[in-house]
Amino acid sequence: MSLDAFTTSLTVRGEVRIGMLQEGRSLPLLVVPNAPGVEVTSWVQANRPFVDQVLLQYGGILFRGFGIDSQERFDAFVSGTCEQLLDYNESSSPRTRLSNKVYTSTEHPQEQKILLHNELSYSSVWPLRIWFCSVTQAGQGGETPIADMRRVYRQIRPEVRERFERLGWMLVRNYGDGFGLPWQEVFHTEDKAVVEAYCRQHQIEFEWKDEQRLRTRQVRKAVRPHPVTGEALWFNHAAFWHESSLPSEVREMMLTLFASDELPYNTYYGDGSPIEDEVAAGLLAAYDAETVEFPWERGDLLMLDNMLVAHGRNPFVGKRQTLVAMGEPFSGYMKK
């Protein structure tokens, strides 16, 4: 869409214009240049209090038309606007580290849909901010759907929220069975002692099933307050990795090979009891009810508060390159 189409609907703020990307939707906030040649990194640096304020209000900002259309330009933006970028520890999906702390977005097969989630909600340290940059648009599909987790929280039935708030949620991961990432890649080491030390530090239970096969369990809060606003947020991967989220034929095949707690990923209530399929389905329906999506344009840069807003990926056709960086690490209490 031409930037001229937004002229009457956006408010001028110095070098940029600001408004809504979609009528009736407050997410994401749209920022476009008011004239050719506006340098977005400098603008964000000069307007940091304003950017911080509107990010907390809306949860996400889409910078469009600033020509952030390469790895180098994206790297310069995130390095110039964030003091502390994160390494991708406790990784759960394949991706390639490109430079500094810039990665490719998840490299799952392009025909797969990636459900909405908040990055590293299962870890003891997660990024408060996450950025996506569209370098190459897919021929078809490939959107990055997003959802406001304040609204998702309110969509969930109160009795379901109460149980998760009381018990927390548990993630069980199995490594070395030929599915999922190997523990060497997840923990960035070949040394089992280093893995064990990391797990102890981050309150992750572990057991070596044999020399190369590892199982971990970690209990985390399902609902967390935003560290700045105090708002209650649905912040977990409980539905994302629940076995019912697998395609039915894949789930059936996997459960002929493994018990539920032997799957590469599975989730439970924090006391280890099973999450009912209908509960997991209700959680996914809450995400769906609040999902916003829009087609990428080359050079788009999407900035999200990672606690306020979840993200995913639609299936796509053709070549797609979307880059990601994470920053502002935040450490929360680990258990319920």
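Predicted model: local features only at pLDDT ≥ 70, side-chain atom pairs only at ≥ 80, totals over all residues.
## Sheet pairing

Two strands are taken to pair if DSSP finds at least two bridges between them.

Helix H2 (residues 48-58) has as its buried residues Phe50, Val51, Val54, Leu55 and Tyr58. Because these residues cover an arc of only 130 degrees around the axis, they lie on the same side of H2, whereas the face turned away from that buried side carries the exposed residues Pro49 and Gln53. Glycine 59, whose phi is positive, near 95 degrees, follows H2.

In a regular strand the side chains alternate between the two faces of the sheet. In strand E4 (residues 60-63), Gly60 and Leu62 point one way while Ile61 and Phe63 point the other way, and all of them are buried. E4 runs parallel to strand E3 (residues 29-33), to which 3 bridges join it, with leucine 62 of E4 as the bridge partner of leucine 30. E4 is also joined by 4 bridges to strand E18 (residues 301-305), and these two run antiparallel; here glycine 60 stands opposite leucine 304 of E18.

## Nonpolar cores

The largest nonpolar core has 53 residues, and those with the most contacts inside it are Ile146, Phe164, Trp234, Leu283 and Leu302. Leucine 302, leaving aside residues up to four places away in sequence, touches Pro28, Ile61, Leu62, Ile130, Trp131, Phe132, Ile146, Phe294 and Trp296. Another core, of 30 residues, lies apart from the largest one and includes Phe66, Ile68, Phe74 and Val102.

## Aromatic pairs

The count of aromatic pairs comes to 15. One of them is formed by tryptophan 126 and phenylalanine 235, a tilted pair with 5.1 Å centre to centre and 55 degrees between the planes. Tryptophan 126 belongs to strand E8 (residues 125-136) and phenylalanine 235 to the loop between strand E15 (232-234) and helix H8 (248-257), so this pair ties together parts that are 109 residues apart in sequence. Tryptophan 126 and phenylalanine 235 are both buried.

Phenylalanine 179 and phenylalanine 258 form an edge-to-face pair, with 5.7 Å centre to centre and 90 degrees between the planes. Since phenylalanine 179 lies in the loop between strand E11 (169-175) and helix H6 (183-187), and phenylalanine 258 in the loop between H8 and strand E16 (265-269), the pair ties together parts that are 79 residues apart in sequence. Phenylalanine 179 is partly exposed, with a relative accessible area of 31%, whereas phenylalanine 258, with a relative accessible area of 16%, is buried. Elsewhere, ring pairs link Tyr122, Phe240, Trp241 and Tyr265 into a cluster.

## Charges over rings

Arginine 163 lies over the face of tyrosine 269, at 3.8 Å from the ring centre. Lysine 192 lies over the face of tryptophan 208, where the value is 4.6 Å from the ring centre.

Note on methods:
Residues numbered from 1 in each chain as written. Heavy atoms only, no water. Buried < 20%, exposed > 50% of the residue type's maximum accessible area, 1.4 Å probe, protein only. Phe/Tyr/Trp six-rings, centres within 6.5 Å; stacked < 30°, edge-to-face > 60°. Lys NZ or Arg CZ within 6 Å of the ring centre and 35° of its normal. Core = buried A, V, L, I, M, F, W, Y, C linked by side-chain atoms within 4.5 Å. Contact = heavy atoms within 4.5 Å. Arc of directions from axis to C-beta.
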